[in-house]
Amino acid sequence: MSYDIVISGGLVVDGTGAVARRADMAVSDGRIVEIGDGPYRADTAIDATGAVVAPGFIDLHSHADFTLPGHPAAETQLVQGVTTLITGNCGHSPFPNRHRGAPPGAGVFGKAELTWDWTDAREFGAVVTACAPAVNVGLQIGHNALRNTVIGEADRPPTTDELAAMCDIVRDAATAPGVVGFSTGLIYIPGLFAETDELRTLVGVAAEVGLLYSTHVRNEASELIAAVTEAIAVAESAGARVEVSHLKAMGPENWGSVRTALDLIDSARERGVDVTADVYPYTASSTDLSSRLAKWAVDGGREALLARLAVPEQRREIAAELRSRFGRDIDPDGVVIADLPPGDFQQYVGMSISAIGAERGTDAAEAALDILAAHHGSAPIVNHAMKEADVRAVLEHPWVSVASDGWVLTATGPGCPHPRSFGTFARVLGRYVREEKVLPLEEAVRKMTTLPAARIDVADRGTLAPGYAADVVVFDPDEVEDTSTFEHPWQLARGVRSVLVNGVVAVADGTVTGARAGQLVRRRK
């Protein structure tokens, strides 16, 4: 019998954590047909001698829904071996969108790239399908978008009717193709205004319709433990599966607290709560500069923030509160401007707010507010605030997936974006597996494949086995590495030889082929 594709001579790491073994693999009609001794005949032969053959990596925490329609080739992901992106994280999703057209805050995090010609999950999923992505995509309903659509950007609880409307939107979205989860971002406008009872109700609905609950918890610094406790309590009362997004501890005073957070996860699992977490392998995060401000300062959204910054007394109070966090959970030397549109401040891209303040004859707090005032209350930052030992502790935990928290980008571009978009998966395999032996190879692959697949309840991806979708990566374990750095981020990972997406060759001999065979993923239920 002849197959479409045969991958021969490789070391198969099937994603389950089982010990690697030498085997050949046969693929036909987009599915894995056989894994064994071979030899198999095929129209296309891929020589994997000296390489590892693994399931395509599943990026459980991505923001690619805001950039994928503009960059459907997904080159930055494919060359890392990523074949599936789970989007809609941190409460941010392009839907629901009450009116066609950009909603408030649409310029944040690259959202201005989108056309906004949709209103709900089904319509946005159709947009994703129409752009013919090179990778598979799973969607999540973002609580920020949900609250914005129903309530707006005000700091107040929903009325009974508003809460019922939000619940109905979640139920409806769960029936749309590709939707796998519901997410919150409890440091962002307007999600930060939600009280626990609101979350409990919405997460309960998400659980009823089979969705994962992903949460950027309310605090990742001095109140990390309280925030993780809240996330677990909400999931436990709602009967939900919960994913604690990008678990970390920000600021020197809080380093080490991730171990307590991991203990909370272990204790919750022992009493039956289905809780896990994910992590990216860097000691810097990336977010919006406005998220560093006090809650009252952003009540009402960015227009309200700009109005407050224009009132000298209110601006002084905002600056004083920001300044009070310096040295405690914010290091102004580590808050780096990642990108800005053309204007008076573009020259400061790649510089910290401390350095900008010094150059402008002011301090870091005033520099931050100057930038926000000049750029409609928003500026992307890279925030150096974590400890390497904490990153390793989280990465080693058996119930933590590897995830990027990144974007689909291109090989070159403007600004200084976080290197996690370019190198997360290659960095784990190169640095933390090969060089520093923090993880065995089989365990690292499990954290990139079967573990995230189980979280989104997708039955036919994340494992190399007959009948599964042929999402496959072939990489050189001695060569795979990230090359993107904070100073020079626009560099692609290397060491991945071949990638299949649904049985179509998307990377051949280390080069992206241009094939775009991605699909919306399908949940088990």
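**Entry 1**

I began with Ala132, which sits in the loop between helix 2 and strand 8. Helices (H or I, at least four residues) and strands (E, at least two) are DSSP runs, which I number from the N terminus. The model is a predicted one: local features need pLDDT of at least 70, side-chain atom pairs count only at pLDDT 80 or more, and totals for chains, interfaces and linings use all residues. Residues are numbered from 1 along each chain as its sequence is written, and side-chain values use heavy atoms, with hydrogens and water left out.

I looked up the backbone of Ala132 and found a phi near 50 degrees, positive in a residue other than glycine. Ala132 is partly exposed, because its relative accessibility is 30%; buried means under 20% relative accessible area, exposed over 50%, and partly exposed in between (1.4 Å probe, protein chains only).

**Entry 1. Other backbone exceptions**

I noted the background first: most residues other than glycine have a negative phi, and most peptide bonds are trans. Asn502 is not a glycine, yet its phi is positive, about 55 degrees. I placed Asn502 in the loop between strand 18 (496–501) and strand 19 (504–508). With a relative accessible area of 11%, Asn502 is buried.

I then listed cis peptide bonds. One joins Gly38 and Pro39, with omega about -5 degrees; Pro39 lies in the loop between strand 3 (31–36) and strand 4 (41–47). Another runs from Ile189 to Pro190, with omega near -5 degrees, and Pro190 belongs to the loop between strand 9 and helix 5.

In helix 2 I found Ala121, Phe124, Gly125 and Val128 to be buried. They cover an arc of only 105 degrees around the axis, so they are on the same side of helix 2. The arc is taken over the directions from the helix axis to the C-beta atoms. These buried residues of helix 2 pack against strand 8, helix 4 and strand 9, where contact means heavy atoms within 4.5 Å.

For helix 4 I checked the length. Its 14 residues (160–173) should span 20 Å at 1.5 Å a residue, and the end C-alpha atoms are 20 Å apart, which agrees. The expected span is 1.5 Å times one less than the number of residues.

I recorded Glu162, Leu163, Met166, Cys167, Val170 and Ala173 as the buried residues of helix 4. They fall within an arc of 140 degrees seen down the axis, and therefore line one face of the helix. Thr160 and Asp161, on the other side of helix 4, are exposed. The packing partners of the buried residues are helix 2 (121–130), strand 8 (136–142), helix 3 (143–150), strand 9 (179–185) and helix 5 (196–208).

**Entry 2. Nonpolar cores**

A nonpolar core here is a set of buried Ala, Val, Leu, Ile, Met, Phe, Trp, Tyr and Cys residues joined through side-chain atoms within 4.5 Å. The largest has 100 residues, of which Phe57, Phe182, Leu247 and Phe475 touch the most other members. Helix 6 (residues 224–238) gives the most to this core, eight residues.

Leaving aside neighbours within four places in sequence, its contacts include Gln140, His143, Val170, Leu202 and Tyr213. Another core, of 31 residues, lies apart from the largest one; Ala319, Ala364, Ala365 and Leu372 are among its members.

Val82 is in strand 7 (residues 82–86) and is buried, at 1% relative accessible area. Not counting residues up to four places away in sequence, I found Val82 touching Phe57, Asp59, Gln77, Val135 and Phe425.

Tyr282 is in the loop between strand 12 (275–279) and strand 13 (284–288). At 3% relative accessibility, Tyr282 counts as buried. Beyond four places in sequence, its contacts include Met386, Val391, His418, Arg427 and Phe486.

**Entry 3. Cavities**

A cavity is a set of points, on a 1 Å grid over the protein atoms alone, where a 1.4 Å probe fits but cannot get out; lining residues have an atom within 4 Å of a point. Grid points are joined across faces, edges and corners, and a volume is the space filled by probe spheres set on the points.

I counted three cavities of 30 Å³ or more. The largest cavity has a volume of about 80 Å³. Its lining includes His246, Leu247, Tyr280, Met386 and Val391. Helix 12 (residues 388–396) gives the most to that lining, three residues.

Notes:
1 Å grid on protein atoms, 1.4 Å probe; cavity = no way out; pocket = protein on both sides within 12 Å on 5 of 7 lines; lining within 4 Å.
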